[in-house]
Amino acid sequence: MYVNFFNKLNIPKCLRTNFNFKRRFSETKQNIQIKYIKENKKKYVFYTAVTSLSLSIALTYAYEKFVLYKWNRRYDYYYNPNIKFFEKKEKKEGKKDKKNTTKHIILVRHGQYERRYKDDENSKRLTKEGCKQADITGKKLKDILNNKKVSVIYHSDMIRAKETANIISKYFPDANLINDPNLNEGTPYLPDPLPRHSKFDAQKIKEDNKRINKAYETYFYKPSGDEDEYQLVICHGNVIRYFLCRALQIPLFAWLRFSSYNCGITWLVLDDEGSVVLREFGSVSHLPFESVTYF
């Protein structure tokens, strides 16, 4: 009797049906979850991309607006030897109206030199043409700086710069020659774009950068006196181009985009308010056409 009753109930079949229903339900639920995850993933990627792009645009705008193109008048705050003295003086006496003063830094690249022995620096002396260039440049500077006080002529420790400075100093008999090894030629910064077939030593660039920055900070700071200052600096093309970029607050990697001829005159004017003006760069208008050389 009970056997017939259970046979009529057909329990195994019911269990199978129930199991299949649960399986179909779980598969459907899983598919819904996968679909939900995929849709959410697409939304996540979309929102992340939009947020990243918006943030990038905002940061670029802020950098260009407030950092990149914003002139820093306190460019010499951390290395100007007179800054603390003047800050103390201003606190005690207050700001006073005074005559605006300027510092004129005249950078001259050395004359043409011998290039037969590249590894021997002492052999890189001025050629006859280089001596002629230096002499003409000395006359030109004398005319430009007529009645201006030039008490010191700075030059690098390399023989070609020394010889150029010696020739120019004949036209400034009251000026003392000061040798500054920090003005020596070097690679001040990794340039962009990189020239073809060029090889740069990262360690040497690091050392040169430190040295040339020290040289820059020796000369380029706001004038502190009551009279205009004039400084003559005889050095090298790479150094002058790097000085130019840093003084004008141009990206430093752009220094190799400029070219300077032998005995080219670069004139920068710094005022006591923190402005820097380039009066001329690498000018060789004083040289005859046949005497204009790059190497």
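**Notebook: a first look around**

I began at C263, which counts as buried because its relative accessibility is 0%, under the 20% limit for that label. I am working from a predicted model, so I keep that in mind as I read.

**Cysteines.** Next I asked how far the sulfur of C263 lies from the closest cysteine sulfur. That closest sulfur belongs to C131, and the distance is 9.5 Å, too far for a bond. A disulfide would need the two sulfur atoms within 2.5 Å. My count for disulfides came to 0. I also looked up C235, and it is buried because its relative accessible area is 0%.

**Overall layout.** I then stepped back to list the elements. I found 7 helices and 6 strands in the protein. Reading from the N terminus, I noted the order α-α-α-β-α-β-α-β-α-β-α-β-β. Of the 295 residues in the protein, 36% are buried. I also checked contacts between residues at least 6 apart in sequence, and 73% of these join residues at least 24 apart.

**Helix α4.** Which residues of α4 are buried? I wrote down G130, Q133, A134, I136, T137, G138 and L141. A reminder to myself: an α-helix has 3.6 residues a turn, so residues three or four places apart point the same way. I then looked for what covers the buried residues of α4, and the cover includes the strands β1 (102-109), β4 (229-235) and β5 (265-271). Helix α5 (159-169) is also part of that cover.

**Helices α6 and α7.** My next stop was the pair α6 (residues 202-219) and α7 (residues 237-247). They pack at an angle of about 65°, and their axes are 11 Å apart. I noted that the crossing of α6 and α7 is right-handed. On the α6 side, the residues that meet α7 are N209, I212, N213, A215, Y216 and E217. On the α7 side I found V239, Y242, F243, R246 and A247. Sorted by type, the residues of this contact are 7 nonpolar, 2 polar and 2 charged.

**D208.** Last, I stayed in helix α6 to look at D208. Is D208 buried or exposed? D208 counts as buried, because its relative accessibility is 7%. Leaving out residues up to four places away in sequence, I saw that D208 touches G186 and T187.

Conventions
Residues numbered from 1 in each chain as written. Predicted model: local features only at pLDDT ≥ 70, side-chain atom pairs only at ≥ 80, totals over all residues. Heavy atoms only, no water. Buried < 20%, exposed > 50% of the residue type's maximum accessible area, 1.4 Å probe, protein only. Helix = DSSP H or I, 4+ residues; strand = E, 2+ residues; numbered from the N terminus. Contact = heavy atoms within 4.5 Å. Axes fitted to C-alpha atoms, helices over the stretch in contact; angles between N-to-C directions. Left-handed = near helix turned anticlockwise from the far one by under 90°. Nonpolar A, V, L, I, M, F, W, Y, C, P; charged D, E, K, R; others polar.
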